[in-house]
Amino acid sequence: MNYWPLLGIAVVVCGFALRLNPALVVVAAGIVSGLLAGLPIDELLTLLGRSFVSNRILLLFVLTLPTIGLLERAGLREHAHAWVARLRNLTLARLLVAYLGLRQLLSMLGLRDLAGHAQTVRPLLAPMAEAAADKIDPALSTDERDKVKALAAATDNVGLFFGEDVFLAFGAVLLIQGFYAQHAIELDPRSIAMWGLPTAIAAFVIHALRIVIYQRRLIGKCGQGRPLRDFAITDDRKGNDAN
Amino acid sequence: MRIEYVYWVCGAILATCAALDLRAGRFAVAAFWAILAASFLGGDAILSAATAGNTLPAQLVGLGVIALALIAGSGRLRVQPEIPLDADAARRRESAAALGNRLFVPALVIPFGTLALVLLHPYMHWNGVSLLDPRQATLTALGLACVFAAAVTLTMTRATPAVALGETSRLLNTLSWAALLPMLLATLGAVFAATGVGDAVAHVVTQVIPADSRVASLLAYAFGMVIFTVIMGNAFAAFPVMTAGIGLPLLIVQHHANPAALGALGMLCGYCGTLLTPMAANYNVVPAALLELRNPNGVIRAQWPTAVCLFTANLLLMNFFAFP
């Protein structure tokens, strides 16, 4: 067995550790691994080109950019912000936990591309989460604001990952079934998807708890621990801002 | 309709952004998006030529990939962020107040339009030609819904298409090389598969674990899935390697694990790894760029505690369900 191509992994690890540009690191790792495996240059270039073109699907989110760009120019984020600020009972935790549950359910039905970082998180969820955090402390630091936005993105990821594998026709289930079939173990996709359910529930509970804990910490950090009574004041201020 | 048409729209958008950067004198940025646009516009032709035995176009794309990496690595992609003007912010607030909840409509047209098209898909065909690409129904639907949403937004905001493309270019330059990373990583995955990296890893792992111990084998399988996913950025790449190397010979054959439960929960261990790695760029790096976080690892920092807790829970579930 030829162990030399493993150095490609070393290139990735070192490149990321040295904080070199990830795009450069990844392509360099591919070239190193290919050359060490003894691939001739022309075959390596063909392999790179073919697999790059075959994975165009991963850049499909570019299609959402014209809509999102225009909407942002027309004030979508400002409006999402004002909208959440007006809803008295919509706290940060309730918003994110509801999104988590919804995203999991939709992915379980196979609707994984319905939501996503470009489709829903940047234009809607992130500004809404920021607005909900503003109700707790209107003078959030940029760092804290980044944390709220990152938590929104993380919520989308957790909801997607731990919902989709319960869906029968999803790639993961079919990959597992196909793999076993190759090794003479015949399984029904249903019997595989079923085992995704306990982890899906665990994922919801764990991430929802973390969201609630984060909100508690945020309330604690702003010192008073009485954000609910401040809502009315914050609402008025935001309402005026929006007009 | 084929998914290829959706790629062509993508390619056209990228080409326009390249032209806008060229006009603004950002030559490296323009070259970057132009190379990408070319591989989108010519994608189908390149793949069918390669299948027919003419690999020259694919080799040119290979050179293009190297050029993209070099441009990204040169640091010339950084576009000076425009200083946010107070006038712009005021205009946006005014527009938000005027349009109100109507602003949500196009944003919701994308998901619900996709859903409607997918649900109506079985009924939409003329003379045996289906409206959506049967192999990629959801993504073709997403593409159509995006075009439709853009049209709705243009009508609603009375903006010109030129403004829309200018905004697209602004967003694309915010994303910069992060937009490309998912495609590059998938390419690396293909190279690793072709050069036998996976088999070599599995070979090394099986030589170090004590095969007689059920717990040790289970831990090696679970941690192997996580670590290999972290390296490859993709649980799908890790699953066949780890299951062929450890899961099948040790856990299923030797220790009689339930294959369905072991496979499903093993894959989910890999998913916990996906939450931890910058190699899963489309989930962890692209959103950090999209949300303009100052720390490119911000999303991973927000989700690692979930990943660690969930991995522990998953490990216990695996020990419980796979060995009845």
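Predicted model: local features only at pLDDT ≥ 70, side-chain atom pairs only at ≥ 80, totals over all residues.
## Where the two chains meet

## Chain B as a whole

If you turn to chain B by itself, you will find 16 helices and 2 strands. The C-alpha trace of chain B spans about 70 × 50 × 50 Å along its principal axes. Chain B has 324 residues, and 51% of them count as buried.

How do the contacts inside chain B relate to the sequence? Taking those between residues at least 6 apart in sequence, 70% join residues at least 24 apart.

## The nonpolar core

The largest nonpolar core has 188 residues. Which members touch the most others? They are A:Ala23 and A:Ala129 from chain A, with B:Cys10, B:Leu14 and B:Leu68 from chain B.

Setting aside neighbours within four places in sequence, B:Cys10 is in contact with A:Leu59, A:Leu60, A:Val62 and A:Leu63 of chain A, and with B:Phe40 of chain B.

## A covered helix in chain A

Over in chain A, helix 5 (residues 76-86) is mostly covered, with 10 of its 11 residues buried. The buried set includes charged residues, namely A:Arg77 and A:Glu78. Also buried in helix 5 of chain A are A:His79 and A:His81, and so are A:Leu76, A:Ala80, A:Ala82, A:Trp83, A:Val84 and A:Ala85.

## Two loop residues with positive phi

Two loop residues of chain B are worth a look for their backbone angles. B:Arg158 is not a glycine, yet has a positive phi of about 55°. You can find B:Arg158 in the loop between helix 7 (137-157) and helix 8 (161-175) of chain B. Is B:Arg158 buried or exposed? B:Arg158 counts as exposed because 8 other C-beta atoms lie within 10 Å, and the cut-off for exposed is 12 or fewer.

The other residue is B:Glu292, also not a glycine, with a positive phi near 55°. B:Glu292 sits in the loop between helix 15 (286-290) and helix 16 of chain B. Why does B:Glu292 count as partly exposed? B:Glu292 has 13 C-beta neighbours inside 10 Å, whereas exposed residues have 12 or fewer and buried ones have 20 or more.

How values were computed
Residues numbered from 1 in each chain as written. Chains lettered and ligands numbered in written order. Helix = DSSP H or I, 4+ residues; strand = E, 2+ residues; numbered from the N terminus. Contact = placed C-beta atoms within 7 Å. Core = buried A, V, L, I, M, F, W, Y, C linked by C-beta atoms within 7 Å.
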